[in-house]
Amino acid sequence: MSKDTPTTHHSTSKSSSNSAHDNSAHSPSLNTVKFALAQSHFLVGDIAGNAEKMRKLAIEARDKGADVIVFPELALLGYPPEDLLLRPSLSGRIKTALSSLSDIEGIVMIVGYPHVDHHGTFNSAAILHNGQQKGFYHKQYLPNYGVFDERRYFDKGRNQVLFDYKGITIGLLICEDLWEESPISELKQQGADVVISLNASPFETGKQNCRKELLAKRSSDEKLPILYVNAVGGQDDLVFDGGSMVVQADGSIVHEASRFLNQMILATYDVHSKKFDSQDKAPLTLSRESEMYQALVVGLRDYVNHSGFSGIIVGLSGGIDSALTLCIAVDALGADKVYAVMMPYEYTSQISLEDAQAQARRLNVSYTVCPIFDAVDGIRATLAPLFNKSKADTTEENIQARARGMVLMALSNKFGHLVITTGNKSEMAVGYATLYGDMAGGFDVLKDVYKTEVYDLANYRNRLEDTPVIPERVITRPPSAELRPDQTDQDSLPDYDILDGILRHYIDEDMSFQDIVDKGFDSEMVVKTIKMVDKSEYKRRQAAIGTKISQKAFGRERRYPLVNKWSIQG
């Protein structure tokens with residue numbers, strides 16, 4: 001066997017290692033192994049396209065001197081593939097794609113893919129070299145919490161897998177395996193010199209710091225260096241933020257990829273010193289607002305582009321939510337693909353008209369004013385015989401929102417652009433939105449952004465340029481839906497600082513009524529807020545999807561029954 005050919009060995013034993021080291025690999029000319037971490041976006045379902053991307057990246061890495069290239073978790077199919085994993089043709093398509101990589105020589109490829117055989121379906125990593133599959137590893141720990149649903153699709157792997165190459169023994173793990181103690185510990189016991197971890201770890205605020213702490217602990221506890229490659233890019237409501245890393249055996253990070261960007265890391269391992277080289281310059285550390293903003297940009301960009309829309313439409317009201325949404329849209333897609341529509345009615349203030357126009361001009365987007373007087377009056381006239389004995393209430397207010405939704409959807413149908421809604425997490429939580437009105441659309445940019453965070457992000461975006469992109473008074477004046485004279489949000493809702501505090505405890509942290517009161521919040525306000533949240537589940541079930549940035553987003557992570565008798569005090 002050639003000294004440059006990987007030898008794979010499996011073991012279920014913690015006490016023994018089936019290592020088959022080739023001693024000739026320790027010759028002076030083979031003192032180093034260069035790894036390439038391919039942090040890239042692999043589109044769900046595009047198996048042939050993903051294989052072609054792997055081909056190009058592998059050739060590029062080989063030309064740069066890499067011995068091994070590592071791709072993210074399930075990269076061949078994309079993550080999360082959901083029920084595509086249940087399609088009968090999946091196995092054949094995957095085998096064809098793997099076979100298409102068989103002519104790539106001179107580099108070992110570690111490919112994340114779904115493995116289907118008579119034993120089941122597995123979340124796996126294939127070891128490919130010079131036209132042959134030298135081995136594979138099946139993920140052992142299958143996450144089934146939050147956004148993850150892997151036990152629905154995958155069978156549990158049982159074996160540790162290591163392979164020998166150029167004088168070192170390399171162990172394989174996949175994502176959740178690294179968050180448990182035993183898999184890496186067993187690899188150490190079986191003689192691993194280096195551990196490779198394939199990941200598709202979605203973004204949430206502060207997640208990169210958690211990853212760094214975990215990698216530092218795992219590597220230093222086991223005295224093992226770790227190569228950690230993560231996916232990047234948006235998929236439906238998830239964003240993968242990259243941040244791939246190389247960690248020494250003492251827990252120190254010596255290579256780190258940029259966040260949210262396609263990037264290839266090249267890291268060289270010295271066989272004798274058992275250390276990796278260090279990158280020349282580490283990427284910038286992102287602030288909380290910066291990483292949130294970038295996640296929202298990437299989430300919108302990839303959803304629109306990969307869905308095939310030619311542009312997007314935003315109902316620009318002159319308020320802060322639509323103002324921030326417009327900024328994110330322009331940063332994601334470019335001004336030429338963004339169409340802003342202002343739809344005034346009799347309660348729309350002159351300030352709102354001026355500020356909406358000023359922002360549209362500042363961002364250089366297409367801007368149209370489309371009054372809804374006739375539409376609202378026509379609907380009211382139609383309903384008048386039915387409403388003649390009823391007092392005016394929020395029903396009439398909602399007609400305005402629904403007229404605007406109708407205009408935006410008509411423009412979408414006619415011109416093929418995606419309507420972007422502008423509701424924030426605070427509003428979605430308490431139902432401060434109109435079904436088939438301001439909730440009408442295909443993607444909600446701010447769905448997982450609390451109102452207080454909307455202000456933070458607006459100020460952050462303004463600080464990036466000498467001339468603010470959001471007019472200052474949009475940020476400073478009291479927020480209003482402008483559906484009746486002199487209306488403000490606080491006519492119906494608590495102050496947003498208080499509201500968001502309660503919502504974070506109840507939604508993100510699953511605190512009970514009493515626990516929230518014990519945090520110092522007024523009990524009546526807590527009761528009112530929780531009731532609004534619980535009663536609005538039917539609205540959220542019909543809402544557009546939006547990028548997840550928090551610990552617990554509506555949708556995948558928080559699914560409550562629409563009809564239930566759960567007590568507030570529970």
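**View 1. Helix H2 lies across strands S4, S5 and S6**. Contact denotes heavy atoms within 4.5 Å; axes are lines fitted to C-alpha atoms, for helices over the stretch in contact, with angles from 0 to 180 degrees between N-to-C directions. Helices (H or I, at least four residues) and strands (E, at least two) are DSSP runs numbered from the N terminus. The model is predicted: local features require pLDDT of at least 70 and side-chain atom pairs pLDDT 80 or more, whereas totals for chains, interfaces and linings use all residues. Residues are numbered from 1 along each chain as its sequence is written, and side-chain values use heavy atoms, leaving out hydrogens and water.

**View 2. Seven strands form an open sheet with mixed pairing**. The strand order is S6-S5-S4-S3-S2-S15-S16, where pairing requires at least two DSSP bridges between two strands. S16 runs antiparallel to strand S15 (residues 263-270) and is joined to it by two bridges; Tyr-269 has Phe-276 in S16 as its bridge partner. Helix H1 (residues 47-63) packs on the sheet, where it touches strand S2 (32-39), strand S3 (68-70), strand S4 (108-117) and S15. The direction of H1 makes about 155 degrees with that of S4.

**View 3. Helices H6 and H7 pack at an angle of about 65 degrees**. The axes of H6 (residues 288-307) and H7 (residues 320-333) are 8 Å apart. Residues of H6 including Tyr-293, Leu-296 and Arg-301 meet a set in H7 that includes Leu-324, Cys-327 and Asp-331.

**View 4. Glu-557 is a buried residue in the segment after helix H17 (537-541)**. Glu-557 counts as buried because its relative accessibility is 18%, buried being under 20% relative accessible area, exposed over 50% and partly exposed in between (1.4 Å probe, protein chains only). The side chains of Glu-557 and Lys-548 make a polar contact at 2.7 Å. A polar atom of the Glu-557 side chain also lies 2.9 Å from the backbone nitrogen of Ala-553. Beyond neighbours within four places in sequence, the contacts of Glu-557 include Gly-146 and Val-147. A polar contact is a pair of N or O atoms within 3.5 Å; within protein, one must be able to donate a hydrogen and the other to accept it, and residues adjacent in sequence count only if both atoms are side-chain atoms.
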